[in-house]
Amino acid sequence: MYLTREEERMMDGEYGEWIAKAIRLLVKLGELNNAEKLVEIRRAHLSGISYKTVGDAAIDLLKDMVAGGVKLKAFTTINPAGMDTLNWREMSIPPDFAKKQKELVRLYTELGAIPALTCAPYIFENKPVFEENVAFAESSAVVYVNSVIGARTNRHGSLDALSAAITGRVPLMGLLLKENRYGNVLIKVNNEKFNDSDFGLLGILIGNRLSPSDIPIFSFRKRPDKWRLRMLGAALAASGAIAMFHAINITPEAKTLKEATGGLDPEDRLFIDKKDVETVVDTYFSKIEIPDAVFIGCPHASIDEINEISALLRGKRIKRGIKFWIFTSRRILELVRKSSIYAVLERAGVKIFADTCMVVAPIEEIGIKKVWTNGSKAAWYIPKFAEKRIEVEVKSIKEIIDAITE
Ligand code: F3S
């Protein structure tokens, strides 16, 4: 692989052992994928922040890096932690867990990461632009920035995203190359009767049918907004490890079908409507009469989405014994708190938590067994992360609110 003089110095250890290790990992990754060279990036986003998912080994590794004087070269934000860092007691997080989690976040910030603690940094904190090369590690954010923004990232794991953040480099390969960004499977969707949760169910359905290297091209009968596309992308990533999709006449690299495919005919065509996505609930998820908890905000809720919920909850109250938690970023929580949306939600009995989510927080330790959510990515992962101690059903926000309020 071609390396600049500067990159050779990094490889040779002139800037320290950790930079050398990081660039060697990226070069190896590039060689395995026939990359010709590395390219510079200015922004990265890291996963592997929750103590629940990374444990003491990550603390030890980060301590060594901090002691070694490592500073991140790229502007870098980090994913949700295992708890609301200010309000963790209200989530019933054990104090030992909270201590370890705070240490993990502190170590990342010592390296120079911005503790955004959100999986949706593209809303405020870390916003790539069209055709910008970046290194993002959160799978739902990877799909969003590739598909809806048109920035370019591969689906990074925790270690290669960290290496990219340290060196400010990534191998020029995969979805960084225009020729690898064309779609190959056309999916015509009659979404006229779709609700919010149906877009995630569509993602689960298609993710299970395609392979990770496929790039689906959606043709929607009715134009969905970007938040619905986001739920679709998160579920495609969860069930099928898909890193990008196009939506004709909506996403920036798909003004036409021809543009989305690069002029080729799609290799396959699928037709989907409401009854197809309804089968997903029976195939993959549980049926729950009454939930212990409702979790909204996978991916982290936007202000528009929180506003939609508050409009549906105006003048209503959630039935006793059911938790209704919304997860979002600290920045969005602060804005919502300053608005009238917050009072409506508070009166209804909703809690909003920042910095964390229903999958990476240790919810299986706090007595929750049955969950309703509108987010299919959360429904896909909660039982796996909780070792099947929690059942989950996907429902639309309206269905949930109609069933659990008085
Ligand atoms: Fe975000 Fe957690 Fe869902 S990190 S995408 S809210 S699983």
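In this predicted model, Ala44 stands opposite Ala135 in strand E4. That pairing belongs to an open sheet of 3 strands, whose order is E3-E2-E4 and whose pairing is parallel. A second open sheet has 4 parallel-paired strands in the order E8-E7-E6-E9. The points below cover these two sheets, a β-α-β unit formed by E13, H14 and E14, the packing of helix H11 with helix H15, and two loop residues, Glu132 and Asn374.

- Strand E2 covers residues 43–46 and runs parallel to E4, to which 2 bridges join it.
- The edges of this sheet are strand E3 (75–78) and strand E4 (135–136), each of which pairs on one side only.
- Helix H6, made of residues 158–167, lies across E2, E3 and E4. The direction of H6 is at about 145 degrees to E2.

- Strand E7 (residues 216–220) is paired with E8 in the parallel sense, over 2 bridges.
- Within this pair, Phe218 stands opposite Ala247 in E8.
- Helix H7 (residues 196–209) packs on the sheet and touches strand E6 (185–190), E7 and E9. The direction of H7 makes about 150 degrees with that of E9.
- In a regular strand, side chains alternate between the two faces of the sheet.

**The β-α-β unit**

- Strand E13 (residues 370–373) pairs with strand E14 (residues 391–394) in the parallel sense, and the pairing has 4 bridges.
- Trp372 has Glu393 in E14 as its bridge partner.
- Together with helix H14 (residues 376–385), E13 and E14 make a β-α-β unit that is right-handed.

**Packing of H11 and H15**

- Two packed helices are described by the angle between their axes and the distance between the axes.
- For helix H11 (residues 303–313) and helix H15 (residues 397–404), the angle is about 35 degrees and the axes are 10 Å apart.
- The crossing of H11 past H15 is right-handed.
- On the H11 side the contact involves Ile309, Leu312 and Leu313, which meet Ile397, Lys398 and Ile401 in H15.
- By type, the residues of this contact are 5 nonpolar, no polar and 1 charged.

- Glu132 is in the loop between helix H4 (95–111) and E4.
- The relative accessible area of Glu132 is 12%, so this residue counts as buried, the cut-off being under 20%.
- Apart from neighbours within four places in sequence, Glu132 is in contact with Arg42, Arg43, Lys127, Ala151 and Arg152.

- Asn374 lies in the loop between E13 and H14, two elements of the β-α-β unit.
- Asn374 is also buried, because its relative accessible area is 6%, under the 20% cut-off.
- Not counting residues up to four places away in sequence, Asn374 touches Asp196, Ser197, Met231, Phe295, Ile296, Gly297, Val394, Lys395, Ile397 and Ile400.
- One of these contacts, Ile397, also takes part in the contact of H15 with H11. Another, Val394, falls within the residues 391–394 of strand E14.
- From C-alpha to C-alpha, Asn374 and Thr279 are 16 Å apart in space, and they are 95 residues apart in sequence.

Terms used:
Residues are numbered from 1 along each chain as its sequence is written. This is a predicted model: local features need pLDDT of at least 70, side-chain atom pairs count only at pLDDT 80 or more; totals for chains, interfaces and linings use all residues. Side-chain values use heavy atoms; hydrogens and water are left out. Two strands pair if DSSP finds at least two bridges between them. Contact means heavy atoms within 4.5 Å. Axes are lines fitted to C-alpha atoms, for helices over the stretch in contact, and angles run from 0 to 180 degrees between N-to-C directions. A crossover is right-handed if, with the strands pointing away from the viewer, the path from the first strand over the helix to the second runs clockwise. A crossing is left-handed if the near helix is turned anticlockwise from the far one by less than a right angle, and right-handed if clockwise. Ala, Val, Leu, Ile, Met, Phe, Trp, Tyr, Cys and Pro count as nonpolar, Asp, Glu, Lys and Arg as charged, and the others, Gly among them, as polar. Buried means under 20% relative accessible area, exposed over 50%, partly exposed in between (1.4 Å probe, protein chains only).
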